[in-house]
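Work through the exercises below with the sequence and the structure at hand. Each task is followed by a solution in steps.

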Amino acid sequence: MTKRIALYTRVSTAHQNDSMQIDELRSLCERSNWQITSEYREKVSGTKSVDERAALKTLLDDARKRRFDKVVVWSVDRLGRSMVHLTSVLQELHDLDINIYAYKQSLDTETHMGMMFWQIMGIFAEMENNLRKERQMAGIRKAQERGVKFGRPSNINDAVTQSVKLLRDRGMPIRKIARQLEIGVGSVYNILQAS
C-alpha cells in the first residue's frame, strides 16, 4: 500500500525561502513511491506554540481526520525548537499512529531507531516537566516563608464551626447546613470530621 504523506516545511523569517526544503522532500517522496496528499508551509519561528503556527495547527487537525499516514519534514527542528513544543507535536502524531520522517537526520519513527529516538524524546520531556515542577514547588515554599497565603480565603471561624456542629446535632442535612451558613459542603465535612 502506498503511504499517504504530508509534507511540512517551515522557515523562521519572511526573507527566508523553503523552496530547497520542499524540492528535496518532494524528490524523496517520489523516490520512495510515497503519495503526497498535503503540503503545509509556513514562515514562523519554531519557538512559537502550535496555536501560533497556522500551518502546523492545520496539519494536526488533518492528522486527526486521518488524511495521511506519515509526516515528512526537512529536519526535526522544523517541527519545534523548544523541547516542550516538539514533544507535544510528536506525542499527538504518535497517539494518532502517524509516523514522522526527518530528512536531514534520516530519522523514521516507523523504524526501531526512530522509535528509540521517540522514547528518548519522551524521557527528556518528562525530565523537563519534573524540573519545572521542582522549580514551581521551590517558588511556592519561598513565597510561604515570606507569609504569602495560597488557596481560597477561609470564612470559617469559631462561630461558624459551632453552628455547623449544632445544626448537625439537630439532624440537619449536610447540604442544607452548607447552604444556610453559606459555606462549602466540603467545609462542613471537614469541620465535622475534625470534631
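**Exercise 1.** Which residues does Phe 150 touch, not counting residues up to four places away in sequence?

Solution. The model is a predicted one. Begin with the location: Phe 150 sits in the loop between α5 (112-145) and α6 (158-169). Next, list the contacts. Leaving out residues up to four places away in sequence, Phe 150 touches Ile 140, Ala 143 and Gln 144.

**Exercise 2.** Decide for Phe 150 and then for Gln 21: buried, partly exposed or exposed?

Solution. The cut-offs are under 20% relative accessible area for buried and over 50% for exposed, with partly exposed in between. Phe 150 has a relative accessible area of 47%, so Phe 150 is partly exposed. Gln 21, in helix α1 (residues 19-32), has a value of 7% and is therefore buried. Its contacts, not counting residues up to four places away in sequence, are Thr 9, Arg 10, Val 11, Trp 74 and Arg 78.

**Exercise 3.** Classify the ring pair of Tyr 40 and Phe 68: stacked, tilted or edge-to-face?

Solution. The structure has 3 aromatic pairs. In the pair of Tyr 40 and Phe 68, the ring centres are 6.2 Å apart and the planes are at 70 degrees, so the pair is edge-to-face. Now place both residues. Tyr 40 belongs to strand β2 (residues 35-43) and Phe 68 to the loop between α2 (54-64) and β3 (70-73), so the pair ties together parts 28 residues apart in sequence. Both Tyr 40 and Phe 68 are buried.

Technical notes. Residues are numbered from 1 along each chain as its sequence is written. This is a predicted model: local features need pLDDT of at least 70, side-chain atom pairs count only at pLDDT 80 or more; totals for chains, interfaces and linings use all residues. Side-chain values use heavy atoms; hydrogens and water are left out. Helices (H or I, at least four residues) and strands (E, at least two) are DSSP runs, numbered from the N terminus. Buried means under 20% relative accessible area, exposed over 50%, partly exposed in between (1.4 Å probe, protein chains only). Contact means heavy atoms within 4.5 Å. Rings of Phe, Tyr and Trp (its six-membered ring) pair if their centres lie within 6.5 Å; planes under 30 degrees apart count as stacked, over 60 as edge-to-face and the rest as tilted.
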